[in-house]
Amino acid sequence: MSTAVGPRVSHLSTQAALLDVIRGAGRISRVDLARRTGLTGATVSIVVRKLIDEGMVVEAGRAESTGGKPAVLLELDPDARFAIGVHLEQSGITYVLSNLGGAVVGRWRHTGAETGDPSRVVERISLDLTALIESVGVEPDLIVGLGVVSPGPLTGSVGMALTRPTMNAWTDFPLAEALQRATGLPVMLENDATAAAVGEYWAGTRGSSTCFAALYMGVGLGSGLMVRGDLYRGASSNTGEVGHICVELDGPQCWCGGRGCVEALAGPEVVVAQARAAGVDLPGTGHDKDFAALTRLALADDDRAKEILHRSARYVALAAQALANLMDLDRIVLTGPAFAQAGSLYVPAIRDQLDRSFFARTTHPIEVDISLHAAEAAAIGGAALVLQSELAPRASSTRALRSPTSSRVLRLPAHAIH
Ligand SMILES: [Zn+2]
(Lines give C-alpha, C1' and ligand atoms only; values in the text may rest on other atoms or scores of the structure.)
Protein backbone atom coordinates (compact mmCIF):
# COMPACT_ATOMS: atom_id res chain seq x y z
CA MET A 1 0.00 0.00 0.00
CA SER A 2 3.03 2.25 0.27
CA THR A 3 3.76 4.87 -2.29
CA ALA A 4 7.05 4.70 -4.14
CA VAL A 5 9.16 7.56 -2.86
CA GLY A 6 10.92 8.30 -6.14
CA PRO A 7 14.55 8.12 -7.16
CA ARG A 8 15.87 11.11 -5.24
CA VAL A 9 15.42 10.11 -1.65
CA SER A 10 17.61 12.31 0.54
CA HIS A 11 20.24 10.76 2.77
CA LEU A 12 18.28 11.91 5.81
CA SER A 13 15.14 10.09 4.86
CA THR A 14 16.65 6.87 3.49
CA GLN A 15 16.02 4.90 6.66
CA ALA A 16 12.57 6.45 6.95
CA ALA A 17 11.73 5.50 3.38
CA LEU A 18 12.88 1.90 3.81
CA LEU A 19 11.11 1.41 7.13
CA ASP A 20 7.96 2.89 5.66
CA VAL A 21 8.00 0.57 2.64
CA ILE A 22 8.82 -2.49 4.78
CA ARG A 23 5.99 -1.60 7.17
CA GLY A 24 3.57 -1.07 4.31
CA ALA A 25 4.57 -4.24 2.46
CA GLY A 26 4.58 -6.61 5.44
CA ARG A 27 7.35 -8.75 3.90
CA ILE A 28 9.62 -7.59 1.11
CA SER A 29 12.96 -8.49 -0.49
CA ARG A 30 15.94 -6.16 -0.81
CA VAL A 31 15.50 -6.13 -4.59
CA ASP A 32 11.88 -5.02 -4.27
CA LEU A 33 12.89 -2.42 -1.69
CA ALA A 34 15.34 -0.93 -4.18
CA ARG A 35 12.70 -0.99 -6.90
CA ARG A 36 10.03 0.61 -4.71
CA THR A 37 12.27 3.35 -3.28
CA GLY A 38 14.47 4.08 -6.28
CA LEU A 39 17.55 3.57 -4.10
CA THR A 40 20.54 1.56 -5.34
CA GLY A 41 20.93 -2.06 -4.26
CA ALA A 42 24.12 -1.15 -2.40
CA THR A 43 22.42 1.60 -0.39
CA VAL A 44 19.51 -0.69 0.45
CA SER A 45 21.94 -3.39 1.65
CA ILE A 46 23.84 -0.99 3.91
CA VAL A 47 20.75 0.56 5.49
CA VAL A 48 19.00 -2.81 5.89
CA ARG A 49 22.10 -4.19 7.64
CA LYS A 50 21.93 -1.23 10.05
CA LEU A 51 18.21 -1.84 10.69
CA ILE A 52 18.87 -5.55 11.32
CA ASP A 53 21.76 -4.71 13.69
CA GLU A 54 19.46 -2.36 15.60
CA GLY A 55 16.84 -5.10 15.84
CA MET A 56 14.15 -3.17 13.98
CA VAL A 57 14.06 -5.43 10.93
CA VAL A 58 14.39 -9.22 10.79
CA GLU A 59 14.89 -11.69 7.97
CA ALA A 60 11.74 -13.78 7.61
CA GLY A 61 12.13 -16.67 5.18
CA ARG A 62 12.46 -16.60 1.43
CA ALA A 63 10.26 -15.54 -1.46
CA GLU A 64 8.93 -18.13 -3.93
CA SER A 65 11.58 -18.86 -6.50
CA THR A 66 11.20 -17.21 -9.88
CA GLY A 67 14.05 -19.18 -11.43
CA GLY A 68 17.15 -18.08 -9.54
CA LYS A 69 17.95 -18.29 -5.86
CA PRO A 70 14.87 -17.17 -3.90
CA ALA A 71 15.30 -13.77 -2.26
CA VAL A 72 15.41 -13.35 1.51
CA LEU A 73 12.37 -11.48 2.79
CA LEU A 74 12.56 -8.72 5.38
CA GLU A 75 9.94 -7.66 7.87
CA LEU A 76 9.63 -5.24 10.76
CA ASP A 77 10.11 -6.69 14.25
CA PRO A 78 7.04 -5.05 15.80
CA ASP A 79 8.25 -5.61 19.36
CA ALA A 80 11.69 -4.09 18.82
CA ARG A 81 10.59 -0.69 20.11
CA PHE A 82 7.59 0.86 21.86
CA ALA A 83 6.26 4.35 22.42
CA ILE A 84 3.62 5.80 24.71
CA GLY A 85 0.93 8.23 23.62
CA VAL A 86 -0.75 10.40 26.25
CA HIS A 87 -3.88 12.38 25.45
CA LEU A 88 -4.69 15.14 27.91
CA GLU A 89 -8.29 16.27 27.99
CA GLN A 90 -10.48 18.03 30.49
CA SER A 91 -12.41 14.84 31.10
CA GLY A 92 -9.40 12.61 31.66
CA ILE A 93 -6.09 11.23 30.42
CA THR A 94 -5.88 8.42 27.87
CA TYR A 95 -2.69 6.38 27.51
CA VAL A 96 -1.71 3.90 24.82
CA LEU A 97 1.43 1.83 24.51
CA SER A 98 2.11 1.09 20.83
CA ASN A 99 4.72 -1.14 19.25
CA LEU A 100 6.86 -0.40 16.22
CA GLY A 101 4.22 -1.97 14.00
CA GLY A 102 1.70 0.61 15.19
CA ALA A 103 -0.38 -1.91 17.17
CA VAL A 104 -1.72 -0.83 20.55
CA VAL A 105 -0.40 -3.35 23.11
CA GLY A 106 -1.61 -1.58 26.24
CA ARG A 107 -4.08 1.13 27.21
CA TRP A 108 -5.03 3.00 30.37
CA ARG A 109 -7.59 5.65 31.13
CA HIS A 110 -7.61 8.02 34.06
CA THR A 111 -10.84 9.97 34.35
CA GLY A 112 -10.74 13.48 35.75
CA ALA A 113 -7.53 15.18 34.65
CA GLU A 114 -7.51 17.98 37.24
CA THR A 115 -6.65 20.32 34.41
CA GLY A 116 -6.62 23.26 36.82
CA ASP A 117 -3.18 22.34 38.20
CA PRO A 118 -0.60 21.24 35.62
CA SER A 119 2.02 20.09 38.14
CA ARG A 120 -0.46 17.65 39.67
CA VAL A 121 -1.26 16.35 36.19
CA VAL A 122 2.45 15.72 35.62
CA GLU A 123 2.61 13.69 38.88
CA ARG A 124 -0.50 11.80 37.85
CA ILE A 125 0.94 10.92 34.43
CA SER A 126 4.16 9.69 35.98
CA LEU A 127 2.26 7.33 38.32
CA ASP A 128 -0.06 6.11 35.58
CA LEU A 129 2.85 5.38 33.22
CA THR A 130 4.56 3.21 35.80
CA ALA A 131 1.34 1.25 36.27
CA LEU A 132 0.77 0.92 32.51
CA ILE A 133 4.31 -0.30 31.77
CA GLU A 134 4.16 -2.81 34.63
CA SER A 135 0.76 -4.12 33.60
CA VAL A 136 1.88 -4.79 30.02
CA GLY A 137 5.27 -6.17 31.01
CA VAL A 138 7.27 -4.30 28.36
CA GLU A 139 10.99 -3.83 28.98
CA PRO A 140 11.27 -0.10 29.88
CA ASP A 141 14.52 0.21 27.89
CA LEU A 142 12.60 -0.48 24.69
CA ILE A 143 10.32 2.53 25.21
CA VAL A 144 11.69 5.32 23.06
CA GLY A 145 9.60 8.21 24.25
CA LEU A 146 6.37 9.86 25.21
CA GLY A 147 4.10 11.71 22.80
CA VAL A 148 1.85 14.07 24.74
CA VAL A 149 -1.16 15.35 22.90
CA SER A 150 -3.56 18.10 23.89
CA PRO A 151 -5.89 20.50 22.17
CA GLY A 152 -3.64 23.12 20.54
CA PRO A 153 -2.22 25.58 19.95
CA LEU A 154 1.31 24.82 21.02
CA THR A 155 4.53 26.73 21.19
CA GLY A 156 7.77 24.91 20.59
CA SER A 157 9.77 25.52 23.73
CA VAL A 158 6.97 25.62 26.26
CA GLY A 159 3.62 24.08 25.69
CA MET A 160 0.36 25.86 25.23
CA ALA A 161 0.67 29.60 24.81
CA LEU A 162 -2.91 30.29 23.83
CA THR A 163 -5.37 28.13 25.68
CA ARG A 164 -9.08 27.69 25.88
CA PRO A 165 -10.55 29.56 28.86
CA THR A 166 -11.00 26.23 30.69
CA MET A 167 -7.25 25.53 30.55
CA ASN A 168 -5.82 28.91 31.54
CA ALA A 169 -3.51 27.37 34.13
CA TRP A 170 -1.58 25.70 31.30
CA THR A 171 -0.54 28.94 29.64
CA ASP A 172 3.26 28.97 29.59
CA PHE A 173 3.52 25.86 31.77
CA PRO A 174 6.72 24.03 30.69
CA LEU A 175 4.92 20.75 30.12
CA ALA A 176 7.60 18.93 28.11
CA GLU A 177 10.36 19.81 30.57
CA ALA A 178 8.30 18.83 33.60
CA LEU A 179 7.26 15.50 32.08
CA GLN A 180 10.78 14.72 30.96
CA ARG A 181 12.02 15.26 34.51
CA ALA A 182 9.19 13.24 36.06
CA THR A 183 9.28 10.23 33.72
CA GLY A 184 12.88 10.08 32.53
CA LEU A 185 11.56 9.69 28.99
CA PRO A 186 12.08 12.00 26.03
CA VAL A 187 8.88 13.94 25.42
CA MET A 188 7.23 15.37 22.33
CA LEU A 189 4.21 17.65 22.42
CA GLU A 190 1.67 17.79 19.65
CA ASN A 191 -1.83 19.05 19.11
CA ASP A 192 -4.57 16.44 18.89
CA ALA A 193 -5.46 16.79 15.22
CA THR A 194 -1.88 16.67 13.95
CA ALA A 195 -1.10 13.64 16.11
CA ALA A 196 -4.24 11.90 14.86
CA ALA A 197 -3.09 12.35 11.25
CA VAL A 198 0.26 10.70 11.99
CA GLY A 199 -1.52 7.91 13.87
CA GLU A 200 -3.81 7.31 10.92
CA TYR A 201 -0.82 7.10 8.59
CA TRP A 202 1.23 4.90 10.92
CA ALA A 203 -1.68 2.52 11.50
CA GLY A 204 -1.55 1.77 7.79
CA THR A 205 -5.18 2.53 6.96
CA ARG A 206 -4.35 5.21 4.43
CA GLY A 207 -5.18 3.19 1.30
CA SER A 208 -3.85 4.70 -1.90
CA SER A 209 -4.20 8.28 -0.67
CA THR A 210 -1.26 10.62 -1.23
CA CYS A 211 -2.65 13.74 0.41
CA PHE A 212 -5.07 13.30 3.26
CA ALA A 213 -6.42 15.22 6.21
CA ALA A 214 -7.50 13.89 9.56
CA LEU A 215 -10.48 16.08 10.46
CA TYR A 216 -10.48 15.96 14.24
CA MET A 217 -13.37 16.87 16.50
CA GLY A 218 -12.83 16.66 20.24
CA VAL A 219 -13.45 19.71 22.34
CA GLY A 220 -12.95 21.78 19.16
CA LEU A 221 -12.48 21.18 15.45
CA GLY A 222 -9.06 20.97 13.79
CA SER A 223 -7.16 18.95 11.22
CA GLY A 224 -3.81 17.34 10.58
CA LEU A 225 -2.35 17.02 7.09
CA MET A 226 -0.20 14.26 5.63
CA VAL A 227 1.31 14.86 2.20
CA ARG A 228 3.00 11.82 0.63
CA GLY A 229 3.80 10.36 4.02
CA ASP A 230 5.09 13.60 5.42
CA LEU A 231 3.35 15.65 8.06
CA TYR A 232 2.67 19.18 6.87
CA ARG A 233 3.73 21.31 9.84
CA GLY A 234 3.67 24.92 8.73
CA ALA A 235 5.89 27.36 10.62
CA SER A 236 5.13 26.20 14.17
CA SER A 237 3.12 22.96 13.99
CA ASN A 238 -0.19 24.83 14.27
CA THR A 239 -1.55 23.92 10.84
CA GLY A 240 -5.03 22.89 9.78
CA GLU A 241 -7.05 25.03 12.19
CA VAL A 242 -10.22 24.67 10.15
CA GLY A 243 -12.41 25.26 13.20
CA HIS A 244 -11.32 28.88 12.99
CA ILE A 245 -12.36 29.52 9.42
CA CYS A 246 -14.85 32.38 9.48
CA VAL A 247 -18.18 31.46 7.92
CA GLU A 248 -20.24 34.39 9.29
CA LEU A 249 -18.68 37.85 9.17
CA ASP A 250 -20.58 39.16 12.17
CA GLY A 251 -21.09 35.79 13.81
CA PRO A 252 -20.55 34.97 17.49
CA GLN A 253 -17.25 35.77 19.23
CA CYS A 254 -14.81 32.83 19.27
CA TRP A 255 -12.22 32.14 21.98
CA CYS A 256 -9.46 32.43 19.33
CA GLY A 257 -10.16 36.16 18.92
CA GLY A 258 -12.13 35.81 15.69
CA ARG A 259 -15.83 36.03 14.96
CA GLY A 260 -18.16 33.61 13.24
CA CYS A 261 -15.67 30.71 13.29
CA VAL A 262 -16.97 27.24 12.38
CA GLU A 263 -16.12 26.14 15.92
CA ALA A 264 -18.06 29.04 17.45
CA LEU A 265 -21.11 28.15 15.33
CA ALA A 266 -20.94 24.38 15.21
CA GLY A 267 -18.32 22.94 17.60
CA PRO A 268 -19.37 20.33 20.17
CA GLU A 269 -19.58 22.79 23.08
CA VAL A 270 -21.78 25.15 21.08
CA VAL A 271 -23.94 22.32 19.81
CA VAL A 272 -24.55 21.15 23.38
CA ALA A 273 -25.46 24.70 24.45
CA GLN A 274 -27.85 25.01 21.49
CA ALA A 275 -29.51 21.72 22.42
CA ARG A 276 -29.94 22.75 26.03
CA ALA A 277 -31.40 26.11 24.97
CA ALA A 278 -33.86 24.20 22.76
CA GLY A 279 -35.00 22.18 25.77
CA VAL A 280 -33.29 18.89 24.92
CA ASP A 281 -32.76 16.90 28.10
CA LEU A 282 -29.01 16.26 28.56
CA PRO A 283 -27.19 14.79 31.58
CA GLY A 284 -25.11 17.95 32.21
CA THR A 285 -22.01 15.99 33.21
CA GLY A 286 -19.55 17.63 30.84
CA HIS A 287 -19.80 18.67 27.22
CA ASP A 288 -18.35 15.36 25.92
CA LYS A 289 -20.96 13.24 27.69
CA ASP A 290 -23.68 15.72 26.73
CA PHE A 291 -22.54 15.64 23.11
CA ALA A 292 -22.60 11.82 23.19
CA ALA A 293 -26.12 11.91 24.68
CA LEU A 294 -27.29 14.35 22.00
CA THR A 295 -25.80 12.06 19.32
CA ARG A 296 -27.66 9.06 20.72
CA LEU A 297 -30.92 11.05 20.61
CA ALA A 298 -30.28 12.02 16.97
CA LEU A 299 -29.48 8.43 16.03
CA ALA A 300 -32.72 7.42 17.75
CA ASP A 301 -34.58 9.85 15.46
CA ASP A 302 -35.21 12.69 17.91
CA ASP A 303 -36.15 15.61 15.63
CA ARG A 304 -34.60 18.44 17.69
CA ALA A 305 -31.31 16.56 18.18
CA LYS A 306 -31.18 15.69 14.47
CA GLU A 307 -31.81 19.27 13.41
CA ILE A 308 -29.09 20.70 15.67
CA LEU A 309 -26.49 18.14 14.59
CA HIS A 310 -27.39 18.43 10.90
CA ARG A 311 -26.88 22.17 11.10
CA SER A 312 -23.51 21.62 12.78
CA ALA A 313 -22.61 19.09 10.07
CA ARG A 314 -23.33 21.64 7.32
CA TYR A 315 -20.89 24.13 8.89
CA VAL A 316 -18.27 21.43 9.42
CA ALA A 317 -18.75 20.45 5.76
CA LEU A 318 -17.81 24.02 4.75
CA ALA A 319 -14.61 23.70 6.77
CA ALA A 320 -13.88 20.32 5.15
CA GLN A 321 -14.43 21.74 1.69
CA ALA A 322 -12.17 24.73 2.35
CA LEU A 323 -9.44 22.36 3.49
CA ALA A 324 -9.94 20.02 0.53
CA ASN A 325 -9.78 22.90 -1.95
CA LEU A 326 -6.73 24.47 -0.33
CA MET A 327 -4.73 21.25 -0.13
CA ASP A 328 -6.19 19.31 -3.11
CA LEU A 329 -6.95 16.40 -0.78
CA ASP A 330 -7.85 12.91 -1.96
CA ARG A 331 -9.09 11.70 1.43
CA ILE A 332 -10.63 13.09 4.59
CA VAL A 333 -10.73 10.87 7.66
CA LEU A 334 -13.08 11.91 10.46
CA THR A 335 -11.55 11.20 13.83
CA GLY A 336 -11.48 12.22 17.48
CA PRO A 337 -13.97 11.45 20.27
CA ALA A 338 -16.82 13.59 18.92
CA PHE A 339 -16.65 11.95 15.46
CA ALA A 340 -16.31 8.53 17.14
CA GLN A 341 -19.83 9.21 18.40
CA ALA A 342 -21.37 11.30 15.66
CA GLY A 343 -19.26 10.60 12.56
CA SER A 344 -22.12 8.90 10.73
CA LEU A 345 -24.22 12.05 11.16
CA TYR A 346 -21.49 14.28 9.69
CA VAL A 347 -20.24 12.15 6.77
CA PRO A 348 -23.34 12.64 4.52
CA ALA A 349 -23.20 16.46 4.84
CA ILE A 350 -19.48 16.52 4.04
CA ARG A 351 -19.93 14.18 1.06
CA ASP A 352 -22.83 16.30 -0.26
CA GLN A 353 -20.80 19.47 0.02
CA LEU A 354 -17.78 17.95 -1.74
CA ASP A 355 -19.90 16.31 -4.46
CA ARG A 356 -21.43 19.71 -5.23
CA SER A 357 -18.42 21.94 -5.04
CA PHE A 358 -15.03 20.34 -4.34
CA PHE A 359 -12.88 22.23 -6.84
CA ALA A 360 -10.92 19.22 -8.18
CA ARG A 361 -13.97 16.90 -8.29
CA THR A 362 -13.80 16.37 -12.05
CA THR A 363 -10.09 15.49 -11.81
CA HIS A 364 -10.07 12.96 -8.99
CA PRO A 365 -12.35 11.57 -6.33
CA ILE A 366 -12.10 12.42 -2.65
CA GLU A 367 -12.87 9.78 -0.05
CA VAL A 368 -14.58 10.65 3.21
CA ASP A 369 -14.60 8.04 5.93
CA ILE A 370 -14.46 7.57 9.70
CA SER A 371 -11.27 6.42 11.41
CA LEU A 372 -11.26 2.90 12.86
CA HIS A 373 -9.55 4.42 15.92
CA ALA A 374 -11.54 7.65 16.23
CA ALA A 375 -12.10 7.45 20.02
CA GLU A 376 -8.43 7.20 20.97
CA ALA A 377 -6.89 8.62 17.80
CA ALA A 378 -5.00 11.38 19.60
CA ALA A 379 -3.23 9.04 22.05
CA ILE A 380 -2.42 6.57 19.26
CA GLY A 381 -1.12 9.49 17.24
CA GLY A 382 1.10 10.62 20.14
CA ALA A 383 2.77 7.22 20.20
CA ALA A 384 3.02 7.11 16.39
CA LEU A 385 4.63 10.53 16.36
CA VAL A 386 7.38 9.36 18.68
CA LEU A 387 7.96 6.19 16.64
CA GLN A 388 8.03 8.14 13.41
CA SER A 389 10.35 10.83 14.76
CA GLU A 390 12.72 8.48 16.56
CA LEU A 391 12.85 5.63 14.09
CA ALA A 392 11.93 7.11 10.77
CA PRO A 393 12.92 10.78 10.83
CA ARG A 394 11.91 12.67 7.74
CA ALA A 395 13.11 15.90 6.27
CA SER A 396 10.16 17.81 7.69
CA SER A 397 10.23 16.18 11.12
CA THR A 398 13.84 16.08 12.22
CA ARG A 399 13.11 16.83 15.83
CA ALA A 400 15.26 14.01 17.15
CA LEU A 401 14.28 13.18 20.69
CA ARG A 402 16.89 14.12 23.24
CA SER A 403 18.01 11.81 25.97
CA PRO A 404 16.70 13.07 29.32
CA THR A 405 20.27 13.04 30.63
CA SER A 406 21.42 15.36 27.87
CA SER A 407 22.26 18.90 28.86
CA ARG A 408 20.10 20.08 25.98
CA VAL A 409 16.93 18.64 27.39
CA LEU A 410 15.73 21.50 29.51
CA ARG A 411 15.68 24.11 26.77
CA LEU A 412 15.16 22.47 23.44
CA PRO A 413 15.23 24.79 20.46
CA ALA A 414 11.82 25.90 19.31
CA HIS A 415 11.74 23.40 16.48
CA ALA A 416 12.72 20.49 18.73
CA ILE A 417 9.52 19.94 20.65
CA HIS A 418 6.06 20.03 19.26
ZN1 LIG B 1 -12.07 30.86 16.27
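Residues are numbered from 1 along each chain as its sequence is written. In this predicted model, local features need pLDDT of at least 70, side-chain atom pairs count only at pLDDT 80 or more, totals for chains, interfaces and linings use all residues, and side-chain values use heavy atoms, with hydrogens and water left out.

Reader: Which residues are the protein donors of the zinc ion?
Author: Happy to start there! Donors are N, O and S atoms within 2.8 Å of the metal (3.2 Å for Na, K and Ca), and sites may look incomplete because water is not among the atoms. Here they lie 2.0 to 2.3 Å from the zinc ion, and they are His 244 (ND1), Cys 254 (SG), Cys 256 (SG) and Cys 261 (SG).

Reader: What arrangement do the four donor atoms around the zinc ion make?
Author: Four donors count as tetrahedral if all angles lie between 85 and 135 degrees. The angles here are 103 to 123 degrees, so the arrangement is tetrahedral.

Reader: Is His 244 buried, partly exposed or exposed?
Author: Buried means under 20% relative accessible area and exposed over 50%, with partly exposed in between (1.4 Å probe, protein chains only). His 244 has 22% relative accessibility, so the residue counts as partly exposed.

Reader: And what is the relative accessible area of Cys 254?
Author: Good follow-up! Cys 254 is buried. Its relative accessible area is 6%.

Reader: How many helices and strands does the protein have?
Author: Helices (H or I, at least four residues) and strands (E, at least two) are DSSP runs, numbered from the N terminus. The secondary structure comes to 12 helices and 13 strands.

Note on methods
Tetrahedral: all angles 85-135°; square planar, octahedral: opposite > 155°, others 65-115°.
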